[in-house]
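Work through the exercises below with the sequence and the coordinates at hand. Each task is followed by a solution in steps.

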Amino acid sequence: MAFLQAHLLTLILFSPLAGAVLLLLIPRERLQAIRWVALLVSLIPFGLALFLWFAYQPGVQGYQFVEQAIWYEAIGSSYHLGVDGISVPMVLLTTLLTPLAILISWSIEDNVRSYMALFLLLETGMLGVFMSLDLLIFFVFWEIGLIPMYFLINQWGSGNREYASFKFLIYTIAGSLGLLLAIQMIGVASGTFDLIVITEKWSTLNQSLTLFGLPITLAIGTVKKIAFWAFVVAFAIKIPIWPFHTWLPDAHTEAPTAGSMILAGVLLKLGAYGFLRLVLPLYPVEAKYFAGALGLLAVLAIVLGAFASWGQDDFKRLVAYSSVNHMGFVVLGIAAAAFAQGTMQADDAVLAINGAVLQMFNHGLSAAGMFLLVGVVYDRAHTRDLNKLGGLFPVAPIYGGILIFTAMASLGLPGLNGFVSEFLVVRGSWPIFTLYTALSMVGLLITGAYILKGLAKVLHGPLNEKWLGHKMEINRREIIAIAPLMFLMLLIGVWPAWILNVINQTVKFLFG
Amino acid sequence: MLTLTQIVFLVAAAITLLAAFMVVTSRSMVHAALWLIMTLAGVAVFFVLLNAGFLAVVQVAVYIDAIAIMIIVVVMLTRHSMGIQDRQKNKTWWAAVIAASLLFGSLVLMFTQAPLLGAEAPALTMGAEAMLEELGLALVDVDRYIVPFEVASVLLLAALVGSIIVAWPGRKSQDQEDES
Amino acid sequence: MSIASFEPSTLLIVLPEILLLLLAGIILVVGLTSQRSGGLLLSWLTALGLTGILIVTLLFGRPGENEVLIFGGMLRHDWMAFSFKVLFLFVAAMTALLSADVEGVEDRGEYYALLVVATLGMSLMASSADMIMLFLAIETTSIPLYILAGFKKGDDKSTEAGLKYFLFGALTSAVMLYGFSLLYGFSGDTNIYRLSEAMHAGAVSPWLIGGMAVLVLVGFSFKISAVPFHFWAPDVYEGAPTPITAFISTASKAAGFAVLLRFMLAVFPAIEAEWVTLVAIMATVTMTVGNLLALPQTNIKRLLAYSSIAHAGYAMIGLVALSSFGTASVIFYLIGYVVTNIAAFAVVILFARSVGSDEIVDYAGLSRRSPGLALVLLVALLSLGGMPPLAGFVAKFYVFAAAVESGWIWLAFVGVLNAIIGLYYYMTVLKVVYLYRSEDEDKPIAIPRSYALVLVICVIAILAIGTLSAPWLDWSINSALSLF
Amino acid sequence: MIPLSWYIILGAALFSIGIYGALARRNALAILMAIELMLNAVNLNLVAFWRYLTPNMVAGKVFALVVFTVAAAEAAVGLALIISIYRRRHTIAVEEIDMMKW
Amino acid sequence: MEAPILSIVVFTPIVFGVVLFFFPAERHREIRIFALTGASIALALSLWAYFTYDLALGGYQLVEHYPWVPRLGISYHVGVDGMNVPLVLLTGIVMFTGVLVSWGIDDRPREFFGFLFILATGVFGVFVSLDLFQLFFFYEIAVFPMYLLIAIWGWKVTREYAAMKLTLYLFIGSVVALIGGLAMYFASGTHSFSLFALEQAGFSVDFQRFWFPFVFFGFAVLGGIFPVHNWSPDGHVAAPTAVSMFHAGVLMKVGAFAALRVGIMLLPEGAKFWAPLILGLATVNVVYGAFIASVQSDFKYVIGFSSVSHMGLVILGFATLNLTGITGAGIQMFSHGVMTALMFAVVGLVYDRAHTREIPKLGGFIKVMPLAGIAFIIAGLVSMGMPGFSGFVAEFPIFMGLWQSQPIVAIIAAISIVITAGYIMRVIGRVFFGEMPEEFKGHITPINNFDKIALVILSGILILVGVYPSIIAPLVESGAQAVMALVGGA
C-alpha cells in the first residue's frame, strides 16, 4: 500500500503502456482475446485513478502524490510527477474514457492488436501531460500522444483519412514547434525544467536580470511576449481556438469512433490544460495583456463554431464543430481569468476558471458521448449524411432517447452537466468581459439550434425507406459504453459539488 | 693584334663550326657523317693547341676511326630509309632554332659573369711525356682514378655485348621477317 | 672533407660492386653454355646471386660512424649509399624473378648480365662523390638499360622503346655533362664535396651557378622522369619488356633521386633558395602533368608510366623541403614507392603472361578470375594512391610533413590535390578489376612460384612499411643525415 | 695568347649547334651525330679548363677520357638500336617511329 | 597489465577480415558465420568498454600507449572518454547488425565482409585515437573500402559514379585536414603527434584562425556539411544495405567526431572565430537537407538527405561551443547512427523484395513485414525528434545549446522538424500502408530472423535511450566537459 501511495501516478501512467506491450505478445489472430485484454488493462488505470480521486485531499495546497526521479540530468530535467485539483479530474476523465473507447471499438476487425496497443499508448501520453511537473516531461508526453492519434486516424479512419491525419499531424507539430523552442528558451534561461522552480523564477523575471547570459538583445518583455505567443499558439491549435481549428473537423470526421471520442474527450483538453498549467502561471503579465484578444477569439470560436456546426450536413462534422463551440467557453473562462487574476475581480476569475475546468470535464463527457452515438448510427447506416437519415426514433427508440439525453447535456440544458459549467463561465466572465460574454450567449442560442437540427434530422421527420429492414437499434455493448457517461452527466448536473470542490480549492489557490 | 696561335685558333674554330653546322643541316646523311669527321678533326686541333696531344690522338683514334666510321657504316646500311629528297627537319625545327640560340645566348651571358675566363694559360710544369705518364699512373692509382677506369671498361664491355645482341638479327625476328 | 687513403679494408666496402661484376660474368658464362630454355635457371641464379650480395652488403657494407671518401674521393661510403644499394639489389633480385619467362627475350644470359651491370651502375650512382665517377656511373646504368629496353628484337614496340630511351638519355646526359664540364671549369675540381667549397667562396657568380644547376638538373630530371624531361617514359614503359619497365620505373628512378639528392645538396648551397624554387615548380608541374595525363590512359603500362612521373613529383617535394627530414622523406618515399610499383608491375606481368594484353579493359573480371592477384593489385594501387595502412600513405605523409615543416604549404596542397587525381585513376583501374565482368572469368591466371614469391614479398613489404614505418624512417633519416 | 673565353665560347657554340641538331633533325642517325657534337663541345671545355686552370692535375684529362669512352659506348649502342629498328620498320625517321603515341 | 580491450576492438575486424580472404570463395555459409563471430566479438568488447567506463573517474580510460614512430613522436595511443565511447559502441552495434542484414549477399560474400571489416577497423581506430597521425591513418583506412563496397555491391545504376564521388570528396577533405594537422604538429614545437600534447601546445590565435577551417572543414566533409554534402545522398543510395548503414550510421560520425576532436579541441580559438560561419552552413544543412528530402521520390534518397539534415544538427551542436550543445551533438551522433542504420536496414529489406525504391510504386508493406514497418516507424519518429525516442534526447540539448549561442539559428533550424515530420510520415504512409500494388502481392517474402534480430536491437536502443537518457547523457556530458575545458567558457 505504501508503494501504491508513493508511486500511484507512475502506476497510472505506465499501466496502459505495459498493457500495450502485453498485447503485442498475444498472437494477432486472437481478436477476442486481444479485445478483452485491452479492456481489462485499460480498467487498471481507471481503478487506480478512482483510488487517486478518493485519496486526493482537496484542501491541501500544492501538488500531491509527487514523484521525482533522475531522467535527464545533463540538461536539468527530471522525471517529476504530481497532481492538483485541475489535473485530477482530467486524469479521471482520461482513464474513464479509454475503457469506454475500447469497448466501443469492438467492431474494429482490422489489425486489432495494433489498434488497441496504440490506444493504450495514447492513454499514457495524455495522462503524462496531466501529471508532469517538468516542462520537458510535459513536452515529451505532449508529443507522444500525437503519434498514436495520427496512426489511429491514418489507419482506421474513413475515406479521407490520409489527408486528415496528415493535416492533424502537421498542424500539431508546427504548433508544438513554438512550444518546443519556448521550452528550450525557458530551460536555458532557468537552468532547469522543473515546473515548480520555473513558475517561481520565470514569472518574476524582470528587466534588471541579464537573462542568464542569453545573447538576446531584445528586451525581456519582448522575449517573454514571444515565448508567450509560442505557448499560446501551440495550445490554441490543440484546443482549438478559432482560427487554428481547421484541422479539427477533418480529423474528427475521418477518425474512427473511439478515436473521435478520445480526441474530443481528452486531446482537446490538453491545450486548455496547457493554458491553465503553463500560460497563466508563467506569463501572468502577458496573459493579462493579451487576455482581451484571447477573449475575442473565444467568442469567435463560440459563435462561428456554432454557425459552422449549424451549416453541416454531416452528422459527425456537426458534432466536431460543436467542439469548437464548446471549447470556446473554456477559453473564454481562461481569458477572463487571465484578465482578472490578482485584481479586484479575482473572485469572478476563480469562478470563470472553475467553470472552464469543469467545462473541460463536461465536454469530455458529452463530446465523447456524442461521437459514440454518431458512431453507432454510422455503424449501421454507413452514412453520416443528415439528409439521408431521419425518422429513426420509431425504429430505434432507446438510441433516440440516449441521443436526446446526450444532446441536451451538450446543449446546456439545466439539470445536466453542460449547464453548470457554462453557467459558471458566463457568470465569471460577465463582469470582466461583458460584451464578449453577451455575444457568447448569443452563440448559445445557435448551439441550441444546431443541436436541435441534428436531432431533428436524425430522429424525426419521415423515415428514410432505406433503413426499414435494417437493425438500427443500439446494442448492449454500446449502451454499457455510454451509460457511465450519462450517469456522470446527470450527476454533475444535479450535484456538481463533488467535483467542483476539488477544482475550486486548487483554482482558488492558484488564481485567487 | 692577333698572334699566330690566335689565327690558327680562329681558322680552326671557323672550320669546326662550319663543319658542325653542316652536320646538322646537311640533307645527305653521308655528307653529314663526313662533315662530322671534319668537326672531330677540328676539335683534335684544339686539343693540340691546348697541349693535350694524347687526347688529340685519342680523338682521332676513337672518334674518327671508330665512331665516325661506325656511323658511316650504319648510314650506308640504312640509306633506304631517308633520301636526300626527304624532309630532314621536323615541323618544329624553328623552335629548335630558338632554343639553341637562346641557349647560346644565355651561356655567353653566363660566362660574362665569370672573371677568370680572361685568364691566360699558365706555363706547364711538365713535358708532354711526363704528363702522359702521370695520366697513366693516375688511372691505375687506387687513390685516384682506378675505379672510373675499371668501371669504364665494364661499361665498354657491356655496351659491346649489348650492341651485338641488339644489332644481330634475332632468331625470332628473322623468322617473323620471313613470314612477312 | 678529407679523402681516406687506400687500405685493403676499403675493398670490403666495394665488395658488393665486385661481387656484382663477378655475378655478371658468371651469368654470361652460364648463359652461353645453357640451352635456350635456361631462362628459369638464369632467373633464379641471378635472383639468388643478387640476394646473396644483398646479404653481404647488409653484413659488411654498413657504414661506420662517419662518412668517408674512398678511392681518391671517387666514392663516398655513407648511409645514403648503403641504403640505396640495398634498395637496388632488392629491386634487381625481384626483377630477375619476374623475368623468368618474359616473352620475346632471347639471349637470356646477356639479359641478366646487363641487368646486373645496370645494378652495379646504380650502386655506384648512389655512392659517387666525384663528377667523373658520377657520369660514368650514370652511363653504366643507362646504357645497359637502353639495350634492355630494346631487348625484344622481334617486337616493334620494344625496339622503338629502346631507341627513344637512348635518344632522350644520350641527349639529356650530354646536357648534364656540359654542366659538369662547366662546374669543373669554374671550381677547378671534380669532387662534388669540394665543388661546394669553391662555390661558397663567392668566386662564382650566382647566375653562373644557377645556369650550371639548370644544365645538371636536365640530366637528373631525365633519370627521375620529371617534367619536362618525361617524354620518354610512357613509350619506354609500354614498349620495354615489362620486368625492365618495372626496373626502370623503380630502381633507375631511385638511383636518379640518389644522385639528385646528393648532388644538389652538396654542390649548390650557395643558390639554395633559387634551385629549391625551381625544383618546387618542377615538382608541381611533374605531379600535375603526370596525373592529368594518366587519366585518359587505356594501357596499364602507360598508366603506370604517367603515375610514376607523378610520383617523381611527390618525391621532389621532400627535396624542396631542404631539411634532413625532407631528404629522409624522399628516401622513405622511394622505398615505399619501389616495393609498391614492383608489386603492381608483377601483376601486370602475370596478367600479360596469361592473357597477353596490357589493356585496362581486359582486366575486367580479374577479381573473379584470380582474386588473389586482384587483391595484390588492389594493395599496390592503393599504396600508390596513398591509402593506409599501406606504404604509400606513410610515404606521402612524410613528404607532405616535410613540406609543411619547411613552410611549403602551397606545395603540400598541390601535392594532396594531386594525390586525389591519382587516386581517381587508380580507382578507375580497380573498378574494372572488381566491377566489370568478362567472359573468361572461369579461367584462372597461373602464378608460377617465382612470381608468387615476388608478390608475397612485396605485399608484406608494403604492409610492413605502411604500418611499422619507424625502422624504415630511422634508416631514411640516417641516410639523410649523411648528406648534411 | 688565346684567352680561355675563346675556347669556352667555341664550346658553347658547338654545343648549341648540337642541341639544334638533336632537336630539329628527323633522322635518328642525324640526332646521334648531333649528340656527338655536344660531347665534343664538352670535351673541348674540359680540356680547355684543364689547361688554363688546373694544368697540374689530371682530373680534366681523365674526365675527357671517360667522355671518350662513354661516347664510344653510346655510339655503339645507339647505332645498334638504329639498326635494330631499321630492320623491323625500314625507317629511322623518329616521327615515323611512333607506334606508341608520345 | 590490463587486457588491451580497445586494441582488440580495433583490430578484431581487420584480423577477421584478412582471415576471411583465405576462406575458399564458395563456402558462403562458413564465411558468414565467421564474419558474424568477428562482429559479435567486436560488439561484445565495445559493450564492455562502454559499461566499464568509470564516470566517477572521468578522463581517458582503457588507455594503451606504445611508441610507433618515435623519431617523429608518433605513437599508437588509444583510449576512450565520454565522447567517444558511445561511438565505439555505436560502431559495434552497426557492425553486428550490418552483418546480420547482409546475410543474403550472394555475390562474393568473402570480399564483401572482408572489406566491410577493414572499414570497421578504420572507424574504430579513428574513434579511439589519441594520436593525430594515428587518427589520420585510420581515417583513411575507413574511407577507401567504402569505394569498393559501393562500387561492387551497390545499386547498379549509380554505383560507379557515387562511389567515385564519395571517395574523392572524402579523400580531398581528409588530405586538406592532413595538411592542417601537419601544420599543427610543426607549429606546436612539441615534436609529438599526441593529441594531449597538441591540446597544450598553445597555438597563437592567428595560427588557430588560419588553420581551423582547413582542419574542421576537411573532416566535416565526411560529416556531410553543406555545401560539400552532396556526395552523401548519392553514396547512401548507391551503397548496399549494410554499407549504407555503416556509411550513414558510423562513417559520417567519423567525420564529425574528427572535426570536433581535431578541429575544435585543438584549435579552440579558431573554432570561436569561425563558429558563425559553421552555424550558418549547418543551418542550411538542417533545413535544406530536410527540404530536399521531402521532395524525393526515391525511398533511399529521402533517408540520404535526412542524414544530411541530421548531421547538420550534430555540427550545429558542435558550433554552439557550449556544454549543452556539444553534449547534444554527442548524443545525436549516437542516436542518429542507430536510427539511420535502422532506416537503411529497412529500406534495404524493402528494396530486396520490391526491386524498386520509387515511393509511388510501393505500398502496404507493413502487412507482409510488420516488424520492419514498425521499426521504420520508430526510426522515423526518432528522426522527427519525437519525445520518447533518442532523437529527442539528442536534439533537445542541441537546441538548448543554440539558444545559448545563437537563438535565431535555433528558431530557423527548428523548422526542419516540421518538414521532417512531413516527409517521414509521407514515406511511412506510402510505403508501409496503403494498398499494395498488384505486382507485389504474393511475391513479397517475410523478413528472416537475422533481419528481425537486427531490427529489434536497433529499435530497442532508440527507445531505450529515448526513455532513459541517463544511460548515455552523463557519459557524453563528461566528454563534452573535456571539450569545454579546452574551448573555455561558453
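The exercises that follow concern a predicted model.

**Exercise 1. Describe the fold content and the overall dimensions of chain C.**

Step 1. Secondary structure comes first: chain C contains 20 helices and two strands.

Step 2. Along the principal axes, a box of roughly 70 × 55 × 40 Å holds the C-alpha atoms of chain C.

Step 3. For 484 residues a compact globule would have a radius of gyration near 23 Å, and the 21 Å of chain C agrees with that.

Step 4. In chain C, 73% of the 484 residues are buried. Of the contacts with a separation of 6 or more, 80% are made by residues 24 or more positions apart.

Step 5. The accessible surface of chain C is about 12400 Å², and carbon and sulfur atoms contribute 66% of that area. The side chains include 23 positive and 30 negative ones, with the centres of the two sets 7 Å apart.

**Exercise 2. Which residues have the most contacts inside the largest nonpolar core, and what does Phe220(C) touch?**

Step 1. The largest nonpolar core has 772 residues. Those with the most contacts inside it are Phe231(A), Phe180(C), Leu183(C), Phe220(C), Phe263(C), Phe299(E) and Phe365(E).

Step 2. With neighbours within four places in sequence set aside, the contacts of Phe220(C) include Leu134(C), Ile138(C), Met176(C) and Val259(C).

**Exercise 3. Is Val218(C) buried or exposed, and is Asp442(C) buried or exposed?**

Step 1. Val218(C) lies in helix H9, residues 206-224 of chain C. Its relative accessibility is 11%, so Val218(C) counts as buried, the cut-off being under 20%.

Step 2. Not counting residues up to four places away in sequence, Val218(C) touches Thr172(C), Val175(C) and Phe229(C). Val218(C) and Ile317(C), 99 residues apart in sequence, are 17 Å apart from C-alpha to C-alpha.

Step 3. Asp442(C) is in the loop between helix H18 (409-435) and helix H19 (449-467) of chain C. Its relative accessibility is 63%, so Asp442(C) counts as exposed, for which the cut-off is over 50%.

Step 4. Arg368(C) is 74 residues from Asp442(C) in sequence, and their C-alpha atoms are 7.6 Å apart.

**Exercise 4. Which chains touch with the most contacts?**

Step 1. Five pairs of chains touch, and the pair with the most contacts is B and D.

Step 2. Chains A and B share no contact; their closest C-alpha atoms are 68 Å apart. Chains D and E also have no contact, with closest C-alpha atoms 28 Å apart.

Notes: Residues numbered from 1 in each chain as written. Chains lettered and ligands numbered in written order. Heavy atoms only, no water. Helix = DSSP H or I, 4+ residues; strand = E, 2+ residues; numbered from the N terminus. Rg over C-alpha atoms; globule rule 2.2 N^0.38 Å. Buried < 20%, exposed > 50% of the residue type's maximum accessible area, 1.4 Å probe, protein only. Contact = heavy atoms within 4.5 Å. Areas by Shrake-Rupley, 256 points an atom, 1.4 Å probe, with all protein chains shown as cover. Lys, Arg positive; Asp, Glu negative; His and termini not counted. Charge placed at Lys NZ, Arg CZ, Asp CG, Glu CD. Core = buried A, V, L, I, M, F, W, Y, C linked by side-chain atoms within 4.5 Å.
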